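Please walk me through this protein model, from the overall fold down to single residues. I would like the cut-offs behind each term as well.

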Amino acid sequence: MPDKNYNTIIVGGGIIGSSIFFELSKSLGNKVLLVEAKKVGTAGATGKTGAIIRAFDPVPEVMELAVNSIDVFKNFKKHTGVDNSFFHHDLAYRTAVESNKIERLIEKYRFETDDISVRDADYFKTRFNFPENSLIIHDKGAGYVDPQKTCRSYALAGCIHGGVLLEGTRVISLLNTDGYCQGVKTNKGDFFADKVIFAGGAEGIGILDELFPELSNMLRNKRIQYLLTTIEPINKSHVTPPIVLDDISEFYMKPIGKNKALMGKVIDEWDLDLENISPFSNHDKKQIVDFFKQQLPQIKSIDVDTKVVGYDLYTPSKQGVIELSSIASNCLFVSGFSGQGFKLAPEISKAASKVSMAI
Ligand SMILES: Cc1cc2nc3c(=O)[nH]c(=O)nc-3n(C[C@H](O)[C@H](O)[C@H](O)COP(=O)(O)OP(=O)(O)OC[C@H]3O[C@@H](n4cnc5c(N)ncnc54)[C@H](O)[C@@H]3O)c2cc1C
């Protein structure tokens with residue numbers, strides 16, 4: 001059984017918790033404990049993520065985080081000492097942001113010449129069907145990673161620095177005494193710490209409401225994902241660039257196998273309980289199939305699995321969440337957010353680590 005006393009306990013081994021674990025272990029070694037209810041990288045939003053690493057973002061603050069984070073994903077071994085495969089792939093998406101604003105952002109945050117460009121829809125016409133007259137971001141610095149492998153690599157790198165990982169251990173509550181958190185109560189006993197970082201995602205397996213009553217419902221939104229199956233294989237020549245995102249309709253699509261693709265869309269706010277999502281309507285189904293056909297006209301036969309396969313936390317401001325709890329002054333809440341939380345994790349975790357070292 002691991003030691004019972006730590007400087008910092010991190011609750012939750014999704015992409016946020018595992019990257020913070022790595023950051024803190026570098027300076028605190030075996031004084032950091034990561035507690036994960038299941039297995040690192042397999043549960044929560046991280047377990048269902050598209051893990052699309054987009055270099056460009058039309059929100060300046062997010063763009064800055066993305067530019068720095070993508071360098072970590074691309075050179076993971078240099079940053080962590082552990083190997084990880086960044087799969088480089090172009091990405092194109094339609095955006096509602098005006099062209100001059102985009103040009104200014106590209107100018108300001110350009111990290112490699114020509115990595116990002118703005119095109120009109122005609123540029124892609126022969127191989128890629130965007131609607132006429134739309135503004136397309138062509139993001140050549142983009143790609144995706146295996147989310148589970150990335151989280152486990154972060155966790156391994158943390159353990160190499162001495163950090164302690166406890167999987168299959170569920171935090172039941174905080175050990176809270178008069179506005180100060182003494183540690184955590186788990187199904188395997190109590191663990192004590194000077195600080196607790198809660199990175200349990202949107203669900204937080206039951207304790208989010210207790211820890212952060214002020215945040216728990218205000219910041220939630222849902223991104224759902226559908227599984228599409230085609231009879232004809234989706235091969236590389238069908239999809240150039242392969243990851244399609246439409247910021248206006250909020251649809252995105254990512255091939256995940258020979259004849260499977262994931263498609264995401266933001267739907268109902270305030271509705272986090274998957275059991276309570278209204279049934280998949282024929283209208284929804286038609287919209288999804290139409291979008292898919294528009295992007296991949298070569299594929300004729302598509303079936304949409306009506307099962308929702310993912311959801312996560314989202315803030316209206318589209319900023320990452322790093323908040324001190326109002327009920328325990330030494331307890332920090334950190335979370336990824338819809339569509340972005342994975343790609344920004346390297347920067348969010350560095351910022352969160354700095355905040356936690358200062359409390
Ligand atoms: C369908 C979908 C597609 C997405 N696509 C992208 C994308 O392409 N690019 C991108 O950048 N982002 C994307 N995102 C967003 C991104 O995946 C999330 O923002 C990010 O994974 C959130 O990570 P997290 O660590 O904050 O939370 P989570 O991944 O939810 O991790 C929380 C972890 O905490 C554990 N836990 C919870 N409660 C407890 C407890 N009481 N005790 C112990 N452990 C606990 C859970 O088991 C889990 O492992 C997507 C999200 C979804 C759902």
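This is a predicted model: local features need pLDDT of at least 70, side-chain atom pairs count only at pLDDT 80 or more; totals for chains, interfaces and linings use all residues.

Residues are numbered from 1 along each chain as its sequence is written, and side-chain values use heavy atoms, with hydrogens and water left out.

The secondary structure of the chain consists of 9 helices and 19 strands. Both kinds of element are DSSP runs numbered from the N terminus (helices: H or I, at least four residues; strands: E, at least two). Of the 359 residues in the chain, 53% are buried. Buried here means under 20% relative accessible area, exposed means over 50%, and partly exposed is in between, with a 1.4 Å probe and protein chains only. The chain exposes about 15,400 Å², and carbon and sulfur atoms supply 51% of that area. Accessible areas come from the Shrake-Rupley method with a 1.4 Å probe; for residues, only the protein chains shown count as cover. Among contacts with a separation of 6 or more, 73% are between residues 24 or more positions apart; a contact means heavy atoms within 4.5 Å.

Next, the interior. In soluble globular proteins, nonpolar side chains tend to be buried together. The largest nonpolar core in this chain has 50 residues, and those with the most contacts inside it are Ile10, Ile16, Ile20, Phe56 and Val334. A second, separate core has 18 residues, including Tyr6, Val184, Ala193 and Cys331. A nonpolar core is a set of buried Ala, Val, Leu, Ile, Met, Phe, Trp, Tyr and Cys residues joined through side-chain atoms within 4.5 Å. Ile20 touches Ile10, Ile197, Val334, Ser349, Ala352 and Ser353, not counting residues up to four places away in sequence.

Helix α2 covers residues 60-74, and its 15 residues should span 21 Å at 1.5 Å a residue. The expected span is 1.5 Å times one less than the number of residues. The end C-alpha atoms of α2 are 21 Å apart, which agrees. The buried residues of α2 are Val62, Met63, Ala66, Val67, Ser69, Ile70, Val72 and Phe73. An α-helix has 3.6 residues a turn, so residues three or four places apart point the same way. Asn68 is also in helix α2, but counts as partly exposed because its relative accessibility is 35%. Asn68 and Ala55 are 13 residues apart in sequence, and their C-alpha atoms are 9.0 Å apart in space.

Side chains of opposite charge can pair when their charged atoms come close. A search of the whole structure finds 6 salt bridges, each being a side-chain nitrogen of Lys or Arg within 4 Å of a carboxyl oxygen of Asp or Glu. One of them joins Glu167 to Arg152, with the closest N and O atoms 3.0 Å apart. This pair links distant parts of the chain, 15 residues apart: Glu167 is in the loop between β9 (164-166) and β10 (171-177), and Arg152 is in helix α5 (residues 147-160). Glu167 is partly exposed at 23% relative accessible area, and Arg152 is partly exposed at 30%.

Glu347 counts as buried at 15% relative accessibility, whereas Lys350 counts as partly exposed at 31%. Lys185 and Asp190 also form a salt bridge, with the closest N and O atoms 4.0 Å apart.

Leu324 lies in strand β18 (residues 321-324) and is partly exposed, with a relative accessible area of 40%.

Two loop positions complete the tour. Asp178, in the loop between β10 and β11 (180-186), has a phi near 45 degrees, a positive value in a residue other than glycine. Asp178 is exposed, with a relative accessible area of 79%. Lys258 is in the loop between β15 (251-257) and β16 (260-266) and counts as exposed at 64% relative accessibility. Lys258 and Thr230 are 28 residues apart in sequence and 8.8 Å apart in space, C-alpha to C-alpha.
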